[in-house]
Amino acid sequence: IAFFVLCLLSAAFTPIYVGIVFLGFTPEHRCQTAGLPEFTAKCGWSPEEELNHTFPKKETHGDAFISQCQRYNVDWNVSGFNCTNPINFFTADSNTSHIPIVACQDGWLYDFHGSSIVTEFNLVCKDAWKLDLFQSCVNVGFFLGCISIGYLADKFGRKRCLLITILINSISGVLVAVVPSYTWVMVFRLIQGLVSKGGWLTGYILIAEFVGLNYRRTVGIVYQVAFSVGLLILAAVAYVIPHWRWLQLAVTLPNFFFLLYYWCLPESPRWLISQQENDKALKIIKRIAKGNQKKLPPSMEKLQPEEEINDKPNPSFTDLVRTPQIRKHTLILMYTW
């Protein structure tokens, strides 16, 4: 049961990890130009004809593409245009290179029936870097969160740390969907990054500590499989909900149900034993044994009482490189990542 509910948590992590694919979708776009829609309607052009007649083209590897960031610096409210080749009105020799071109000044039009942070905040052309910054903030949050939350999980417990990260992630995810400005979207997305990856890793640590050594590889693989299933579900949900704010709410609100883990998920007995809280650990172990209809091994009944041990372990980052064997494993994992 514990493994199943934690796999749900792993599947729900995907919108933060790869949600940029849908939240930051960049559709085909072009400059919004005053007077052009009226002229297009007058001529009865299709969208393709409007692009071919009224927008400059740029060549890439021998192919001509409509410029997405520039437009002709012309006034389409001027009379005298013809619908066959209107741009010739501004040049005598049909050479369009003589017509001045300017960057988009009145916004953009997007060929997309939904919405994304790109279309809402115009993160294209000279502001396209802001979309990269949006994901970079999440990754910075992952980096800082994994270090700090891992340490906190060692100090204050896996379950407590997991529940706190779930709560913060859920609240900040809802705020991402409702705040009005790009800056605040970035702030709360960063907070999501700070807690979500650390919470996901805490869930992995918790389930790995529930099972014996022989099963840790299996649960680790299945925990990742649950993440992959989450990718498929995310794609399906994004297909049904093409508007980024509603999509953000749809993938965030289920996280509040994970707060029910307070009642249905026990603390790690291994962590409790490491903290010399043997009575609590033994109580959880007996409950697990009863639920699995197993008999508790005699060795479990002989856990050393708390009062007989004076010093609690004090884990630190230096433990990752303290011995040659653990140092080798640490360097291999760092290189792999």
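A: A residue counts as buried under 20% relative accessible area, as exposed over 50%, and as partly exposed in between, with a 1.4 Å probe and protein chains only. By this criterion Arg322 is exposed, at 53% relative accessibility. The model is predicted, and for that reason local features need a pLDDT of at least 70 and side-chain atom pairs a pLDDT of 80 or more, whereas totals for chains, interfaces and linings use all residues. Residues are numbered from 1 along each chain as its sequence is written, and side-chain values use heavy atoms, with hydrogens and water left out.

Side chains of opposite charge can pair when their charged atoms come close. The pairing considered here is the salt bridge, a side-chain nitrogen of Lys or Arg within 4 Å of a carboxyl oxygen of Asp or Glu. A search of the whole structure finds nine of them. Arg322 takes part in one, with Asp319 as its partner and an N to O distance of 2.7 Å. Asp319 is partly exposed, its relative accessible area being 30%.

A further salt bridge joins Arg245 to Glu120, with 2.6 Å between the closest N and O atoms. This pair links distant parts of the chain: Arg245 belongs to helix H11 (residues 244-252) and Glu120 to helix H6 (residues 117-121), 125 residues apart. Helices (H or I, at least four residues) and strands (E, at least two) are DSSP runs, numbered from the N terminus. Glu120 is partly exposed, with a relative accessible area of 35%. Lys280 and Glu277 form another salt bridge, at 3.3 Å from N to O, and Lys126, Asp127 and Lys130 are linked in a network of such bridges.

Helix H1 (residues 2-12) packs against helix H10 (residues 216-240) with axes 7 Å apart and an angle of about 45 degrees. Axes are lines fitted to C-alpha atoms, for helices over the stretch in contact, and angles run from 0 to 180 degrees between N-to-C directions. H1 and H10 are oblique to each other, since angles under 35 degrees count as roughly parallel, over 145 as roughly antiparallel, 65 to 115 as roughly perpendicular, and the rest as oblique.

Phe3, Leu6, Cys7, Leu9, Ser10 and Ala11 of H1 meet residues of H10 that include Val219, Tyr223 and Phe227; contact means heavy atoms within 4.5 Å. The buried residues of H1 are Ala2, Val5, Leu6, Cys7, Leu9, Ser10 and Ala11, and their cover includes helix H8 (158-178), helix H9 (182-210) and H10.

Two further buried positions complete the account. Pro27 lies in the loop between helix H3 (20-23) and strand E1 (29-31) and is buried at 3% relative accessible area. Leaving aside neighbours within four places in sequence, Pro27 is in contact with Tyr110, Asp111, Phe112 and Thr119. Ile284, in helix H14 (residues 278-291), is buried at 12%. With the same exclusion of neighbours within four places, Ile284 is in contact with Pro266, Glu267, Pro269 and Leu272.
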